[in-house]
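Trainee: I am new to this structure and would like a close look at a single part of it. Could you take me through that part slowly, and then follow the connections outward?

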Amino acid sequence: MNMHSLPKKAKKVEKETKAFFKSIKKNRLRMLDDTIHALHEEVSDEIDCLHCANCCRSLGPRITDRDIEKMSGALRLKPQEVVNRYLRIDEDNDYVFKEMPCPFLGSDNYCSIYEDRPKACREYPHTDRKKFFQIHALTIKNAETCPAVYEILERLKKEL
């Protein structure tokens, strides 16, 4: 998928996708989780994140204190050094990376702290989360960044 056209494609179907989620009745929410999780697995097998890494280039994840501890261990730095060197506090009073792309993203799209990456990075794109319906609005937004999310949502609309 062409990453330059993805935001435009996602915006083009955004109203349709929002209407789809609005139409889902409460008794179908459990089925939604089962379906979206199956699609997550299916699409994850087809799309190689290392070819894209757009999330690492453009999305600033929220960094928790636990994330800072793990990152400091991986980097062999004191937690405060990690904060000073790599992080800033955003408008929501959360730690985020000072700059994007992520400072740990290599030219080969590999993460230099992969085993100790922030929780938000580990869980992205969140399409395998329980009670998916609670984050469907975030997922619609993530479709502008992630080709896997875009594809999952398009398949979901056809299946349900």
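Is Thr17 buried or exposed?

Mentor: Please keep in mind that this is a predicted model. Thr17 belongs to helix α2, which covers residues 14-23, and its relative accessible area is 2%; because buried means under 20%, Thr17 counts as buried. Leaving out residues up to four places away in sequence, Thr17 touches Ile140, Leu153, Glu154 and Lys157.

From there we can turn to the largest pocket, which has a volume of about 1,200 Å³. A total of 46 residues line this pocket, and the closest to its centre are Cys55, Ala120, Cys121, Tyr124 and Pro125. At least two lining residues come from each of the helices α3 (29-46), α4 (54-58), α7 (119-123), α8 (136-142) and α9 (147-159), and among the contributors α7 gives the most, with five residues. Sorted by class, the lining holds 28 nonpolar, nine polar and nine charged residues.

Tyr124 and Pro125, both named among the residues closest to the centre of the pocket, are joined by a cis peptide bond whose omega is about 10°. Most peptide bonds are trans, and most residues other than glycine have a negative phi. Pro125 is placed in the loop between α7 and α8, and His126 lies in the loop between α7 and α8 as well. The phi of His126 is near 70°, a positive value in a residue other than glycine, and with a relative accessibility of 15% His126 counts as buried.

Asn142, which is part of helix α8, brings these residues together: apart from its neighbours within four places in sequence, Asn142 is in contact with Tyr124, Pro125 and His126, and also with Leu59 and Val149. Asn142 is itself buried, with a relative accessible area of 6%.

For contrast, consider Arg76, in the loop between α5 and α6, whose phi is near 55°, a positive value in a residue other than glycine. Arg76 is exposed, with a relative accessible area of 76%.

Notes
Residues are numbered from 1 along each chain as its sequence is written. This is a predicted model: local features need pLDDT of at least 70, side-chain atom pairs count only at pLDDT 80 or more; totals for chains, interfaces and linings use all residues. Side-chain values use heavy atoms; hydrogens and water are left out. On a 1 Å grid over the protein atoms alone, a cavity is a set of points where a 1.4 Å probe fits but cannot get out, and a pocket is an open set with protein on both sides within 12 Å along at least five of seven lines; lining residues have an atom within 4 Å of a point. Grid points are joined across faces, edges and corners, and a volume is the space filled by probe spheres set on the points. Helices (H or I, at least four residues) and strands (E, at least two) are DSSP runs, numbered from the N terminus. Ala, Val, Leu, Ile, Met, Phe, Trp, Tyr, Cys and Pro count as nonpolar, Asp, Glu, Lys and Arg as charged, and the others, Gly among them, as polar. Buried means under 20% relative accessible area, exposed over 50%, partly exposed in between (1.4 Å probe, protein chains only). Contact means heavy atoms within 4.5 Å.
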